[in-house]
Each structure stands twice: as C-alpha cells, then as structure tokens.
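I opened the notebook to look up a few residues and the overall build of this chain. The entries follow the order in which I checked things.

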Amino acid sequence: MKKFTVITDVFYKLDIFKYTINAIINQSYKNLEIIIIDNGSSDDIKKYITQLENQDSRIKVIHYKNNIFDFDDPMAMVKIIQDALLVSSGEYVFYNAYDDVMADDYIQRMANLFDENKKSISAAGI
C-alpha cells in the first residue's frame, strides 16, 4: 500500500478545521501522512494542532509565525505547499483546504484510481 500525503493548512475557524482534520484522520485508507500547515494561527488552534501531533504519529506540522495569505498576491500560498512538499514522503499528494471535508473513503478512491490507471498523474473529486 503506497503512502498518501494529505496537506492542509489552517489560520482561523477552529470549529470548521476540526471537521476537516477529523475527516482526514479517519480515512478508510490508513497509510497516510498528514501535514498540517499552521499559517500563523491563534493560540487555541496551535494548542489543538499540538494535541493532534502528539496523539497521531502520521501528523507533521509546519509552523509559520504570521499568516502569509495575501489577496494581492494569491501565489504567496504556493510557498506553504512547496514547504510541505519538501517534508512529505508520500507517493501520492493531495492538498485539502481547511474548510473542505472529504468523504471517509476519498483517499482510498484516489489511490485506487492511480493504481488502476498507471498513466494517470492527476485527479480531483467531483
């Protein structure tokens, strides 16, 4: 079973992020690496992320002191993805926004798609 890396970031709205990260953690596909990017979040989010990291060895956290998102420079967010890719070890990588909740079998379906279609290099859910 190939490792699947899921990258997500969070800056605010802990209540929404909890749904998102729980959906990732509870995927039916278990060979996961989960990279959480703390994009200059508040103390309550930092505390929650630290708890998750201590409870689940699949989780890695990248911390930024300040939120780097900028409406005038949307490409600034590319930096956080690049930094996550540098520490990722998965053969497959998926970026999941902090406010997107995936189905319990989403990663399994993506892994199956790639395993069954060797020439496929990219996919997205409907």
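In which helix does Thr-20 lie? I found Thr-20 in helix α1, residues 14-25. Before going on I noted that this is a predicted model, where local features need pLDDT of at least 70, side-chain atom pairs count only at pLDDT 80 or more, and totals for chains, interfaces and linings use all residues. Residues are numbered from 1 along each chain as its sequence is written, and side-chain values use heavy atoms, with hydrogens and water left out.

Entry: Thr-20. I looked up its relative accessibility, which is 0%, so Thr-20 counts as buried. Buried means under 20% relative accessible area, exposed over 50%, and partly exposed in between, with a 1.4 Å probe and protein chains only. Leaving aside neighbours within four places in sequence, I listed the contacts of Thr-20 as Thr-8, Asn-96, Ala-97, Tyr-98, Asp-99, Asp-100 and Val-101. Contact means heavy atoms within 4.5 Å.

Entry: Asn-96. I took up Asn-96 as one of the residues that Thr-20 contacts. Asn-96 sits in the loop between β4 (92-95) and α4 (106-116). Helices (H or I, at least four residues) and strands (E, at least two) are DSSP runs, numbered from the N terminus. Asn-96 has 4% relative accessibility and therefore counts as buried. Not counting residues up to four places away in sequence, Asn-96 touches Val-6, Ile-7, Thr-8, Asp-9, Thr-20, Ile-24 and Met-102. I also noted that a polar atom of the Asn-96 side chain lies 2.8 Å from the backbone oxygen of Asp-100.

Entry: Gly-90. I placed Gly-90 in the loop between α3 (76-87) and β4. Is Gly-90 buried or exposed? Gly-90 is buried, with a relative accessible area of 19%. With residues up to four places away in sequence left out, Gly-90 touches Lys-3, Thr-5 and Glu-33. I checked Gly-90 against Val-10, 80 residues apart along the chain, and their C-alpha atoms are separated by 21 Å.

Entry: whole chain. I counted four helices and four strands, in the pattern β-α-β-α-β-α-β-α along the sequence. Buried residues make up 43% of the 126 residues. Among contacts with a separation of 6 or more, 76% are between residues 24 or more positions apart. The C-alpha atoms fill a box of roughly 40 × 35 × 25 Å, taken along the principal axes.

Methods: A polar contact is a pair of N or O atoms within 3.5 Å; within protein, one must be able to donate a hydrogen and the other to accept it, and residues adjacent in sequence count only if both atoms are side-chain atoms.
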